[in-house]
Amino acid sequence: MAAATPIPLLVVDDNEQFAALLFSLLEAMQPDMTFATRWVDTAGKARAELDQQHYDIVLLDNKLPGADGLDILLEIGQLPADRQPAVIMLTATGTEAIAVQAMKRGAKDYLSKLDIELPALTRAITGALERRRLEREVREKNEFLAADLNLAREIQQAFLPQHYPAFPRDRTPATSALQFTHRYEPATAVGGDFFDVFPLSDTEAGILVCDVMGHGLRAALVTAILRGLVEELMPVARDPGRFLTEINRGLHGVLKQTRRPLFTTACYLVADVGRAQLRYANAGHPSPLHVSRATGRVAPLAFAEQDAGPALALMPDALYQTFETPLDASDLVVAFTDGVFEVPGPGGELYGEDRLQNAIRQRHALGAEALFTELLAEVRQFAANGSFSDDICLLGIETREIIRAVA
């Protein structure tokens with residue numbers, strides 16, 4: 001049977017006699033464990049050795065010429081993760097407080113030099129190597145997960161509009177009768193907010209804004225399902241109520257097998273500059289704000305009797321109604337998810353929809369780009385921690401011109 005590969009081990013101790021004792025104890029561990037052992041007697045030599053060579057184990061004295069062993073331990077913690085050895089602190093005069101400090105700074109164990117014996121040293125080295133192995137496994141799994149999350153984020157970003165359509169299609173983006181602006185910030189690597197903008201005709205744009213319950217991978221998977229349903233149901237997308245009804249039926253059919261309920265709020269609008277009309281339907285989502293730049297009026301889109309239908313995927317047979325409102329040149333419609341306004345301030349009070357509506361009213365004359373920049377800055381300033389804790393999505397639909405539908 002081939003001999004086991006020696007374990008690289010560094011002894012850092014200024015006492016030559018104690019270092020010799022450690023060498024003899026390490027030799028006594030054979031054949032179960034063999035070591036490629038090196039000894040240095042100062043902090044400076046230890047730094048140089050760790051810079052130049054890789055070690056699996058370091059037996060580190062707490063008191064050294066030129067530095068405290070705890071300082072060396074901190075420096076070891078700053079090495080690249082794959083080059084950090086497992087450290088066992090050794091001291092002749094240490095207290096429990098030093099042991100606690102050593103463990104907080106990354107030591108895997110702590111031994112008294114006055115009581116060092118073969119069984120104790122063997123247990124310490126075996127345990128330190130095992131903890132180091134487990135930490136390496138966790139780190140590798142975390143790196144693998146992080147790579148997966150980065151890929152998921154890239155895929156999710158690819159689902160979002162990369163370029164907005166022009167209306168009519170022969171216009172340039174700068175001369176389009178409908179223009180769009182968005183802000184999208186997931187709270188984690190991937191998010192549960194989703195939006196899409198797509199042409200239905202030369203004068204009609206379909207606009208969908210969704211908020212999946214929670215955030216992270218589970219929510220991101222639901223947004224991927226929604227993207228597929230949008231593509232499948234494009235033939236009925238000119239009718240917002242029917243469009244949400246069919247999306248609800250499809251999403252419920254997919255998600256009914258899950259152990260935990262998953263629901264999605266959504267608002268779908270059709271901006272029609274041929275008929276000077278906005279058609280819309282709602283599934284438990286915050287109502288978009290209709291900004292009339294001509295009058296300065298800012299108000300939520302109106303719904304008859306109730307604010308909105310139920311969230312998607314809750315009720316398989318839910319029916320969603322289509323509503324209409326006139327659309328004028330220079331109007332702005334702002335759709336958003338609740339992460340924009342459900343932001344707690346220092347006293348715990350939420351920013352809220354009323355503040356959001358008032359902030360937009362004060363800036364109604366601005367273009368959507370500038371308005372969104374100032375609005376999000378105000379919300380961040382209000383927030384207790386200066387940031388958003390949930391996914392946020394803002395989408396602005398600006399009517400630059402009312403045109404006649406192409407026959």
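Predicted model: local features only at pLDDT ≥ 70, side-chain atom pairs only at ≥ 80, totals over all residues.
Helix α8 spans residues 352-362 and helix α9 spans residues 368-382. The axes of the two helices come within 10 Å and cross at roughly 140°. Angles over 145 degrees count as roughly antiparallel and those from 65 to 115 as roughly perpendicular; α8 and α9 are therefore oblique to each other. The crossing of α8 past α9 is right-handed. On the α8 side, the contact is made by R355, L356, A359 and I360, and these meet L371, L375, E378 and F382 of α9. By class, the residues of this contact comprise six nonpolar and two charged, with no polar residue.

Helix α3 covers residues 69-77, and its buried residues are G69, L70, I72, L73 and I76. Viewed down the axis of α3, these buried residues lie within an arc of 155°, so they line one face of the helix. An α-helix has 3.6 residues a turn, so residues three or four places apart point the same way. The elements covering the buried residues of α3 include the helices α2 (43-52) and α4 (96-104). Also among them are the strands β3 (57-61), β4 (63-64), β5 (67-68) and β6 (86-91).

Residue N248 is located in helix α7, which runs over residues 240-255. The relative accessible area of N248 is 0%, and values under 20% count as buried, so N248 is buried. With neighbours within four places in sequence left aside, N248 is in contact with A311, L312, A313, L314, M315, P316, A318 and Y320.

Note on methods: Residues numbered from 1 in each chain as written. Heavy atoms only, no water. Axes fitted to C-alpha atoms, helices over the stretch in contact; angles between N-to-C directions. Helix = DSSP H or I, 4+ residues; strand = E, 2+ residues; numbered from the N terminus. Parallel < 35°, antiparallel > 145°, perpendicular 65-115°, else oblique. Left-handed = near helix turned anticlockwise from the far one by under 90°. Contact = heavy atoms within 4.5 Å. Nonpolar A, V, L, I, M, F, W, Y, C, P; charged D, E, K, R; others polar. Buried < 20%, exposed > 50% of the residue type's maximum accessible area, 1.4 Å probe, protein only. Arc of directions from axis to C-beta.
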